[in-house]
Amino acid sequence: MDLEQRGIGVVARFFEAFATLAAEHSILEVSRTCGFDRRNFYNKRNGVWGKRTIPVAWLSALVAYYGVSAEWLLIGKGEMFN
């Protein structure tokens, strides 16, 4: 698997985890807790700016605030949550 494909996997898992959390808490609550600008989040999710790249700070916020597994998020192994 090449580097770009791995990056696409990380982005897909980020949005999967975010959707799981938002179903329980709401997009607004998760965005506020993690410090995401919602407009920026929606633009990323919808691919407004081309390739969907995710800031490292967003990845680490899901890990720190919601217990998303870093191993799952980055390499796709294990369970979504610790």
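Modeller: Helix axes here are lines fitted to C-alpha atoms over the stretch in contact, and angles run from 0 to 180 degrees between N-to-C directions. Keep in mind that this is a predicted model.

Colleague: What makes H2 roughly perpendicular to H4?

Modeller: The axes of H2 and H4 cross at roughly 100 degrees. Angles of 65 to 115 degrees count as roughly perpendicular. That makes H2 roughly perpendicular to H4. The two axes come within 9 Å.

Colleague: How do you know that H2 and H4 meet, and which residues are involved?

Modeller: Contact means heavy atoms within 4.5 Å. From H2 come Glu-29, Val-30, Thr-33 and Cys-34. In H4 they meet Ala-61, Leu-62, Tyr-65 and Tyr-66.

Colleague: How do those residues divide by nonpolar, polar and charged?

Modeller: Six are nonpolar, one is polar and one is charged. Tyr and Cys count as nonpolar under this scheme, and Glu counts as charged.

Colleague: What makes you say that the buried residues of H4 line one face?

Modeller: Start with the list. Trp-58, Leu-59, Ala-61, Leu-62 and Tyr-66 are buried in H4, which spans residues 56-66. Buried means under 20% relative accessible area. Seen down the axis of H4, these residues fall within an arc of 160 degrees, so they line one face of the helix. On the other side of H4, Val-56 and Ala-64 are exposed. For exposed, the cut-off is over 50%.

Colleague: What covers the buried residues of H4?

Modeller: The cover includes H1 (3-25), H2 (27-34), H3 (38-45) and H5 (70-75).

Colleague: Why are the buried residues of H2 said to line one face?

Modeller: The buried residues of H2 are Val-30, Ser-31 and Cys-34. Down the axis of H2 they fall within an arc of 100 degrees, so they line one face of that helix. Their cover includes H1, H3 and H4.

Colleague: How many helices and strands does the protein chain have?

Modeller: Five helices and zero strands. Along the sequence the pattern is α-α-α-α-α.

Colleague: Why is the protein chain called as compact as a globular protein of that length?

Modeller: The radius of gyration is 12 Å, close to the 12 Å that the globule rule gives for 82 residues, so the protein chain is as compact as a globular protein of that length. Of its 82 residues, 33% count as buried.

Notes: Residues numbered from 1 in each chain as written. Predicted model: local features only at pLDDT ≥ 70, side-chain atom pairs only at ≥ 80, totals over all residues. Heavy atoms only, no water. Buried < 20%, exposed > 50% of the residue type's maximum accessible area, 1.4 Å probe, protein only. Helix = DSSP H or I, 4+ residues; strand = E, 2+ residues; numbered from the N terminus. Arc of directions from axis to C-beta. Parallel < 35°, antiparallel > 145°, perpendicular 65-115°, else oblique. Rg over C-alpha atoms; globule rule 2.2 N^0.38 Å.
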